Every structure is written in structure tokens, then in C-alpha cells.
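Please look over the sequence and the model below before reading on.

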Amino acid sequence: MKHLAFPHGVTRDDLLAWYRANRARTRWIFDLITPDAYYDRPIALRNPIVFYEGHIPAFGVNTLLKLALRQRGIDEHYEQLFERGIDPEDETVVKSPTESWPSRAEVQAYAAEADARLEHAIANDVLEDANIPHLRGGEAFFTILEHEQMHQETLLYMLHSLPYDKKVAPPEKRTDYRPPATDHTAVHIPAGRVTLGAARGGAFGWDNEFPSRMVEVDAFEIDRHNVTNGDWLAYMQETGAPAPHFWEQRDGQWYRRGLFASEPLPLEAPVYVTHDQAAAHAASKSKRLPTEAEYHRAAYGTPSGEEREQPWGDALPDATRGNFDFASWDPVAIGSYPAGASAWGVHDLVGNGWEWTSTIFDGFPGFTAMPSYPLYSADFFDGAHYVIKGAAPVTARELIRRPFRNWFRPNYPYVFATFRCVR
């Protein structure tokens, strides 16, 4: 079994430790809400909070136990009720799959049984089998592990919209940050080739990451740093553009609504906006958003022509390289992680916020849906979603790899996504 986060190979003990760490973090995230918030729907475009405490274990049962290992499930009703989330175009077409959700005790009892069954499978069942599509390279096991980490981020941006009196703030995360960057120049990136995606038969990836392809990229200039809250404030004053979802105004003063507290607007931190807002800002400066290929060239390319696994080189992600893997709850000042800069001197390409691109989300030529989750990507090849790259503060480190792709609708305001401009 191969995974880029485990360069020396993956053992049963690795998988079991990863699974348990995931479940512990997910339980901890649910403990951040007060009991009366359990059935709340902080974002109308997503299911209520209760859904996710059932969805994560049900996905593991449906995907690994029932589909890959051909074992019986636990509760057919729950495995249908919690099977899949929603992604409506707007609030007018939102339909809840049910008006009556189980009690939290019932959901947690189901999750406990699922945990026991899934841990037993990881410890005892066949991990990989080239003759079973769902088990090639251990696909189903990695699928349930990364799926949970993705939903930890989903939960946190949902909880971001929950009123503060319905959240229980944990101890504050503190990190020593550099002073805010002052160099706002653009960086010239010469023409060159980039590799998008990954070759089949190697390490685990989601279906939209395959197969790899080479793309020629023309020369371009890209902002050394992300657009900041201060930049956006000046843009608002110049053009009358709307404030981002993460801002609020009180007594004439702008504040950033952090995950657990509101604070005076940190002007040096990157601004989180929708794709539409980012594109409009870029156009106002006679610039545009980078394509996915241009992002790759700026992030992973080098003046000598080689490509790196990460912007900083081939070393695995760690706490010195960027604001990710729950290093903090909210974005920090741009340029706070110089050890994470790319070969061209472009900062924060991974961490501190996902990065919008101008590329419509679609499969690469030769795309094939993955057996363990055939609708994971294909349902979103609709021309209505844009690729985002990089990582947010609450993106797990196992998801931080060069071919990983994320995507959202261009008007979706809740995701932790920033941007930079190119010309």
C-alpha cells in the first residue's frame, strides 16, 4: 500500500493509528458545539450538524465493509439516511432528506458499532487485492480515512457560521509568526512544462487526480503573496464592492469573524472570498486568477526545470512550512512561513487558505471513476465548480500533496479560500 504521506510504506498499525486519530479529532470537533446546536443548520446549503456525525461512520460501513469487503452492514436505515451530503445550487432548491433525525445517543451508538467493525477490518481483513477493484492499492481503506479528514474541514467551516454562544471555544492556538510581509511585488515565472495529476499505479489518490498529463504553460507574472484583508478594504472603498462573508461591521469598524471570536480586521491576513469576488477584484486590477496549470508552475516548478513534490521541496509537510494541519483556527499574516515558499519565492501556496483558480473542475483526459466512490468527482463535472488548490489552516496534512484537487461553486462564500492574481 502506498500513500505519499508515508514514504516508507503503510502498515496495518499505520492505518489503525490514522483511523483512531481521525475519530478522536472528529469527536473533539463535535464537542465544540453546545447540545442545543446539534440539529442546527448553520449553512442552508449543507445538511444539519447531526447528519455529519452519522455520515462519517456510515460512509465507512457503506464503502469499506459493504462495498469492498462484501460484509453485512449495521443498520440499513442509517446507511441510507446518512449516505450522502448535498450541494444545491442555491437555498431555493434545498430539500432536507428527513424532517426527523435520530437522537444524538442513537447516532453515537451507531458510530460506536461502526468503529468497532471498521477497526476489526483494518486489523484483520485483506487490505489490498489486485483482483478486487475497491482494494487495489488499498483504495477503500484510504478512501474512508481521507473522507473523514475532508469532513472535519467541512464541519469547521459550518461551525464558523454558528453563533458564538453555541460553541465552546477550546484553548487558544498560538504560534510565533513573522511580521507581516511588505514585499507585494509580482514574480515573473518563465514558460515551462508542468505535470498535472499523478500516474496510475503509484500512491493513493482520488479519481480526479488521475491520470497525469504534461501541460505547457506560457510565461506569466503572479503575486508573491495572497490578496489581504487590507487590500480588499481598499478595493471596497474604491469600488463599492461587497464585504466578504467572514467580515462584519460594528460602529463603523470592520471585524473578522474568526471561528471562535470576532477580532478587529487583521489587515495583513489573506482575505477569504468567493471565486466570483476574487475574479472581480482581479479584473479591476487588469489581472486575472491563475489557471490550475499556472498555480502548479508557481508552486512546484523550478528555474532548473524540475518539479517538486511540495513548494518548498520534497520534504513532507511540517509545522515550519505553512498554516495547515490545524496549526491555527484562522489565517495568519501573509509571509509568516518563509520556509514554505516556492522555488520562485512565492509564499503561502500551501496553507493559510485554499487558492481559487480560473479552471473549471473536470476530469483529466482518460479519467476513470474510482470503484470505491464512483460519484465522488463525476457528479461535479457540470461546468459549475472551480478548482481550488493548496490547503487551509484546518486541512489535514495527509491531504497535502501536489495532485490533490478541491472544488466549489463560484458563489459559495463559506469555504476557507483566498486568492492571488496573475497577468
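In this predicted model, the side chains of Arg-423 and Glu-221 meet in a salt bridge, with 4.0 Å from N to O. Arg-423 lies in the segment after S11 and Glu-221 in strand S4 (residues 220–223), so the pair ties together parts that are 202 residues apart in sequence.

**Other salt bridges**

- The structure holds 22 salt bridges, and one of them joins the side chains of Lys-285 and Glu-238 at 3.6 Å, N to O.
- This pair links distant parts of the chain, since Lys-285 sits in the loop between helix H7 (275–284) and H8, while Glu-238 belongs to helix H6, 47 residues apart.
- Lys-285 is partly exposed, with a relative accessible area of 35%, whereas Glu-238, at 58% relative accessibility, counts as exposed.
- Glu-355 and Arg-420 also meet through their side chains in a salt bridge, at 2.7 Å from N to O; Glu-355 is in strand S8 and Arg-420 in the segment after S11, 65 residues apart.
- Both Glu-355 and Arg-420 are buried.
- A network of salt bridges links Arg-23, Arg-27, Asp-115 and Glu-148.

**The sheet of four strands**

- Four strands form an open sheet with mixed pairing, in the order S10-S9-S8-S11.
- Strand S10 (406–408) and strand S11 (417–418) stand at the edges with a single partner strand each, so one side of each is left without a neighbour in the sheet.
- Strand S9 (residues 386–391) runs antiparallel to S10 and is joined to it by three bridges, and Tyr-386 stands opposite Phe-408 in S10.
- Helix H8 (residues 292–300) lies across strand S8 (353–360) and S9, running at about 15° to S9.

**The sheet of three strands**

- Another open sheet has three strands in the order S5-S6-S7, with antiparallel pairing, and its edge strands are S5 (247–250) and S7 (262–264).
- S5 and strand S6 (residues 253–257) pair over four bridges, and Arg-250 stands opposite Gln-253 in S6.
- Helix H6 (residues 229–239) packs on this sheet, touching S5 and S6, and its direction makes about 60° with that of S5.

**Nonpolar cores**

- In soluble globular proteins, nonpolar side chains tend to be buried together.
- The largest nonpolar core has 96 residues, of which Leu-15, Leu-64, Trp-247, Trp-356 and Phe-419 touch the most other members.
- Helix H5 (residues 139–160) supplies the largest share of this core, 11 residues.
- A second, separate core of 23 residues includes Ile-222, Tyr-295, Ala-391 and Ile-400.

Notes
Residues numbered from 1 in each chain as written. Predicted model: local features only at pLDDT ≥ 70, side-chain atom pairs only at ≥ 80, totals over all residues. Heavy atoms only, no water. Core = buried A, V, L, I, M, F, W, Y, C linked by side-chain atoms within 4.5 Å. Buried < 20%, exposed > 50% of the residue type's maximum accessible area, 1.4 Å probe, protein only. Helix = DSSP H or I, 4+ residues; strand = E, 2+ residues; numbered from the N terminus. Pairing = 2+ DSSP bridges. Contact = heavy atoms within 4.5 Å. Axes fitted to C-alpha atoms, helices over the stretch in contact; angles between N-to-C directions.
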